[in-house]
Amino acid sequence: MEGYSFELITGPMSCGKTEELLRRIRRCIIAKKKVKVISPDVDTRSKGDYIESRNGLWLDAIKVKHSMQILSLVKPEDEVVAIDELQFFDSNITKVISKLMDSGKKVIGTGLELDFKAEPFGAMPELMCIATKVDKLHAVCMKCGCEHATRTQRLIDGKPADKNSPLIMIGGDETYEARCIKCYELPDAEHEKQKKNLKILPFSFR
């Protein structure tokens, strides 16, 4: 039975998460399943009510502000619930997906497992725990070209973003690219400043 399951697709930016989600949704549609597609409204990459992969594939989606809204949008006849960009939802998203699974729905979701600081992003750790299947995708490193990029590098004016910059920058002049662990960079200007301000105390033998 396909219901009562949660498939989670994760990985860094540009690894094809949304493309894979769209592929699975289209298979469900071909199988004549009733599908509901949902996306957080904080994701402004798509200007309309749809989700779009980087290669131009797209599908109509309902954009919501809060995760609890999803429960009121999903109808009894809906068999599959697809949710893009799970990392942007509030902490109730874990409860919401659990309720959907309990009601017999098949849930398919995508999300960045790590933020630009290489720290767990939002509710992703909990979602990975309750998922019945996790697919961790890799990207091509945009610096060295290796095929095992697992980090999301934030760039501001072409330079690696500082560790102390905001987690989410609305309207900021930043870009993102996939990096491998070796090429990933996270400057810490505040730490460097503190190091420079440290006073060296005189030391002498008695």
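Okay, let's start at Ser 14, which sits in the loop between strand E1 (5-10) and helix H1 (17-30). Helices here are DSSP runs of H or I with at least four residues, strands are E runs of at least two, and both are numbered from the N terminus. Bear in mind that this is a predicted model, where local features need pLDDT of at least 70, side-chain atom pairs count only at pLDDT 80 or more, and totals for chains, interfaces and linings use all residues. Residues are numbered from 1 along each chain as its sequence is written, and side-chain values use heavy atoms, leaving out hydrogens and water.

Most residues other than glycine have a negative phi. Ser 14, though, has a positive phi, near 65 degrees. Glu 85 also has a positive phi, near 55 degrees, and Glu 85 is in the loop between strand E6 (80-83) and helix H3 (93-102).

So which of them is buried? Glu 85 is, at 7% relative accessibility, while Ser 14 is partly exposed at 39%. Buried is under 20% relative accessible area, exposed is over 50%, and partly exposed is in between, with a 1.4 Å probe and protein chains only.

Now the inside. A nonpolar core is a set of buried Ala, Val, Leu, Ile, Met, Phe, Trp, Tyr and Cys residues joined through side-chain atoms within 4.5 Å. The largest one has 20 residues, and Phe 6, Ile 70, Ile 83, Leu 86, Ile 97 and Leu 127 touch the most other members. H3 gives the most to this core, five residues. There's also a second, separate core of nine residues, including Ile 9 and Val 80.
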